[in-house]
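Dear colleague,

A short account of the findings follows it.

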Amino acid sequence: MLSQQIATFVAAAGEAGNEELAPLIAPPFVIGGAMFLVLVVLLLITLSYSNLGRRHAVVDEHADPHRQHPAKHPGPGH
């Protein structure tokens, strides 16, 4: 059944080859360049947050008895 649907789609696509394409708002390289620039701006925004973890000195975690699963053994990071 799926092969029949695929064959029907392929046959319909072959018949519709003479239709006119939808107009673009700009040439393809301008659209691609604009998309690239948007992604570069988003990359720079993301990279601007990379120093947030290095603002303050590292503080040792204290043992909190109210944690749901407290560590059963002492040591750093528990």
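Helices here are DSSP runs of H or I with at least four residues, numbered from the N terminus. The model is a predicted one. In the protein chain there are two helices and zero strands.

Ser-48 lies in helix H2. The side chain of Ser-48 comes to 2.6 Å from the backbone oxygen of Ile-45. Ser-48 counts as partly exposed because its relative accessibility is 45%, between the limits of 20% and 50%.

Helix H2 spans residues 28–48 and also holds Leu-39. With a relative accessibility of 57%, Leu-39 is classed as exposed, since the cut-off for that class is over 50%.

Leu-39 and Ile-45 both take part in a nonpolar surface patch of about 680 Å².

The chain exposes about 7800 Å², of which carbon and sulfur atoms supply 67%.

With kind regards

Technical notes:
Residues numbered from 1 in each chain as written. Predicted model: local features only at pLDDT ≥ 70, side-chain atom pairs only at ≥ 80, totals over all residues. Heavy atoms only, no water. Patch = residues over 30% accessible without salt bridge, like charges linked within 9 Å, V, L, I, M, F, W, Y side chains within 5 Å. Areas by Shrake-Rupley, 256 points an atom, 1.4 Å probe, with all protein chains shown as cover. Salt bridge = Lys/Arg side-chain N within 4 Å of Asp/Glu carboxyl O. Buried < 20%, exposed > 50% of the residue type's maximum accessible area, 1.4 Å probe, protein only. Polar contact = N/O pair within 3.5 Å; in protein donor to acceptor, adjacent residues only side chain to side chain.
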